[in-house]
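Please open the model in a viewer and keep the sequence panel at hand.

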Amino acid sequence: MNYSNKYSPLVKKRNPYSLNSIIRKYPLNGPKDGEDSEASLNKCLSIIDIVSYGIGSTVGAGVFVSIGIAIATKAGPGTLLSFLFSAIACLISAFCYSEFSARIPVSGSAYTFAYVSLGEFMGWFVGWNLTLEYAISASAVARGWVGYFQVIFKIFGKDAPEWISGYSINEWININPVAPVIIVICTIILVFGIKDSARFNMAITAINLLTITFFIILGSIYVDRSNWTPFLPYGMSGVFSGCSVVFFSYVGFDSVTTLAGEVKNPKRDLPIGIVGTLVIATALYIGVTLVLSGMVNYVHVSQNSPLSDAFIDNGLDMKWAAMIIACGTLTSLTASTLCSLLGQPRIYLQMAKDGLFFEKFTSMNKKQVPVFGTVFTGVFASILAIILDLDNLTNMISIGTLLAFTAVCAGVVVMRFRKEDGGEDGVPSALLLFILFIFACVFGVSSKLNWNMWIQISLGACQAIIIGLLWLKEQINIPTSFRCPFNPILPCLGIIVNTFFIMHLDTPSFYRVAV
C-alpha cells in the first residue's frame with residue numbers, strides 16, 4: 001500500500017502478520033484530541049448527542065427482536081437474569097472503555113485501545129472483530145426490521161408475500177431482498193454529515209423510547225403471573241446461553257467511542273455517554289422482559305416480532321396496539337441500523353490512518369464524512385442482510401463484541417503497569433492475562449459441558465491466583481482522568497465473564513466467524 005504524508009503510518013511497510021507486530025505498540029503520545037489525526041472529522045457532538053446515539057444503537061434490535069429468541073428458546077422468563085448478568089458484565093467493560101476513551105480520545109474505539117496496550121496484531125485482530133460487531137449488527141437489525149413488516153400484514157389478516165418473509169435455502173441461508181432497503185436509506189443519510197445524522201437520530205430515538213414505554217404500561221395491565229412459572233424452564237445453563245444471545249443487545253454502549261473524533265469534549269462526555277447508555281438500556285430491557293414473559297407463556301413468544309404479537313396472538317386481538325408498536329419498532333430499528341453503520345467507517349478510517357487498511361478509507365467528502373468507508377460498510381451489510389437469518393447474525397455479533405470487550409479489559413490492566421518507555425517490571429502482565437484467558441476458556445467449557453464440580457472449582461482457584469499476582473504488581477501509570485475502579489480485579493473479572501459467555505455460544509457460530 002502507498003500512504004500519503006497526511007496519513008503516514010506509525011511504522012511504514014509494516015505487516016500485521018509478522019512476529020514484530022505482536023510486540024509493536026501504538027505510542028502513548030500518539031494522536032490526541034484536536035491533533036492532525038482527528039482534525040478531518042467535525043467536532044460538533046454534545047453529551048446529549050452521545051447518549052442519544054448510544055440509546056439509538058443499543059435499545060433497538062435487542063428489545064424488539066432478540067428478546068423473543070432468548071425467552072422462547074434459551075431462558076424463558078429467566079431471560080430477566082440473562083439481561084441482568086449481561087449488564088453486569090457490560091458494566092465492567094464499560095468502566096474499562098471509559099478509562100481508555102478519556103485517556104485516548106480517538107475514533108478507533110477498541111481497535112485503538114488494543115493497539116496501544118496489547119500490540120499491533122491484537123489491534124488489527126480487534127479491528128476486524130469490530131467489523132463483526134458493527135457491520136453485521138446493521139445486517140441483523142435489518143432482518144428484524146423486515147420481520148416487523150410481516151407483523152403489519154398479520155394485523156390486517158394477510159400473509160406476507162414470500163419476497164418479504166424470505167426464501168429459505170437451508171438452515172443457514174434465507175434470501176430476503178427487502179432487508180437491505182433500510183441499510184441503503186441509512187447509508188444515504190450518513191453521507192449527508194454527522195450534524196444531520198445526529199438530528200435524525202435524536203428524533204427517532206425519542207419515538208423509540210415512547211414506543212417501549214407504551215408497551216410496558218399497556219402490557220402490564222394484561223400480565224398473568226402464572227406465565228412466570230417455571231421461571232427457569234431451561235435451568236441456569238439456559239440463562240447463561242441466553243446471555244450469549246442478549247449480549248448483542250448491549251453493543252451500542254461501546255459504539256459511542258467510535259465518535260470520539262467528533263465529540264466537543266471527549267474526555268468528559270464519553271465516560272458519561274458509555275455508562276449512561278448502559279444504565280438506561282438495562283432498565284428498559286428488564287421492564288420489557290417482565291411484561292412480555294408475563295403476557296405470553298414463554299413457549300408461545302414470537303421470535304420475529306415478540307412485542308407486537310403479544311397483543312394479537314394472546315387472545316387480546318388489540319390490533320391498534322400492535323400497529324402502534326410495529327410502526328414504533330420500524331422507527332426504532334431504523335435508529336439502530338443508522339448507529340451501527342455510523343461506527344464501522346470510523347474504525348476503517350483509524351485503521352487506514354495507522355497503515356493497517358487501504359488508504360482509500362481515509363477519503364472524506366465536503367461534510368467531513370468518511371464517505372468511501374460509509375458506502376463500503378453499507379454494501380457489505382446489505383449483502384449479509386440478504387442471505388443470513390437473524391439467529392445466525394446475532395451469534396456472530398456476540399462473538400465479535402465479546403472478544404473486543406475482552407481485549408479492552410486486558411488492555412486497561414496492561415496500561416497501568418507500563419513505563420513511559422514501554423517497558424514493564426517483573427513478570428509481564430500481558431503474559432499473566434493470556435494465561436488467565438486460557439483458564440477462563442477452559443472454565444467456560446467446563447460449565448457448558450457440566451464437568452465435575454471440583455474441576456470447575458480448581459479452575460476458578462487458578463484464575464484467582466493469577467488475579468492476585470496482578471494485584472501485587474505496582475501500578476505506575478495511573479490516569480489523571482476517569483479511572484476504572486478496582487483495577488486489576490474488575491477488568492480481570494471482565495475477561496473471565498466475557499470469555500465465559502463466548503464459550504456458551506453454539507459451536508456453528510465459531511465456524512461461521514472463522515469463515
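## First stop: Q456

Select Q456: apart from neighbours within four places in sequence, its contacts (heavy atoms within 4.5 Å) are F443, S446, S447, N450 and W451. The model is predicted, with local features requiring pLDDT of at least 70 and side-chain atom pairs pLDDT 80 or more, while totals for chains, interfaces and linings use all residues. Residues are numbered from 1 along each chain as its sequence is written, and side-chain values use heavy atoms, with hydrogens and water left out.

Helices here are DSSP runs of H or I with at least four residues, strands are runs of E with at least two, and both are numbered from the N terminus. Q456 counts as buried because its relative accessibility is 15%; buried means under 20% relative accessible area, exposed over 50%, and partly exposed in between, with a 1.4 Å probe and protein chains only.

## Second stop: the surface patch

Now select V427, L431, F434, I435, I438, V442, L449, W451 and I455, a nonpolar surface patch with about 770 Å² of accessible area together. Patches consist of residues with over 30% relative accessible area and no salt bridge, like charges being joined within 9 Å and nonpolar side chains (Val, Leu, Ile, Met, Phe, Trp, Tyr) within 5 Å. A salt bridge places a side-chain nitrogen of Lys or Arg within 4 Å of a carboxyl oxygen of Asp or Glu. Accessible areas come from the Shrake-Rupley method with a 1.4 Å probe, and for residues only the protein chains shown count as cover. Helix α17 (residues 429-448) gives the most to the nonpolar patch, with five residues.

Select L45, Y97, F215, F253, L307, F311 and L433, the residues with the most contacts inside the largest nonpolar core, which has 135 residues. Helix α14 (residues 319-353) gives the most to this core, with 14 residues. A nonpolar core is a set of buried Ala, Val, Leu, Ile, Met, Phe, Trp, Tyr and Cys residues joined through side-chain atoms within 4.5 Å.

Centre on L307: leaving aside neighbours within four places in sequence, L307 is in contact with V63, F64, I67, Y148, F215, V288, L292 and I325.

## Last stop: helix α5

Select residues 110-118, helix α5, in which nine of nine residues are buried. Just after α5, G119 adopts a positive phi of about 115°.
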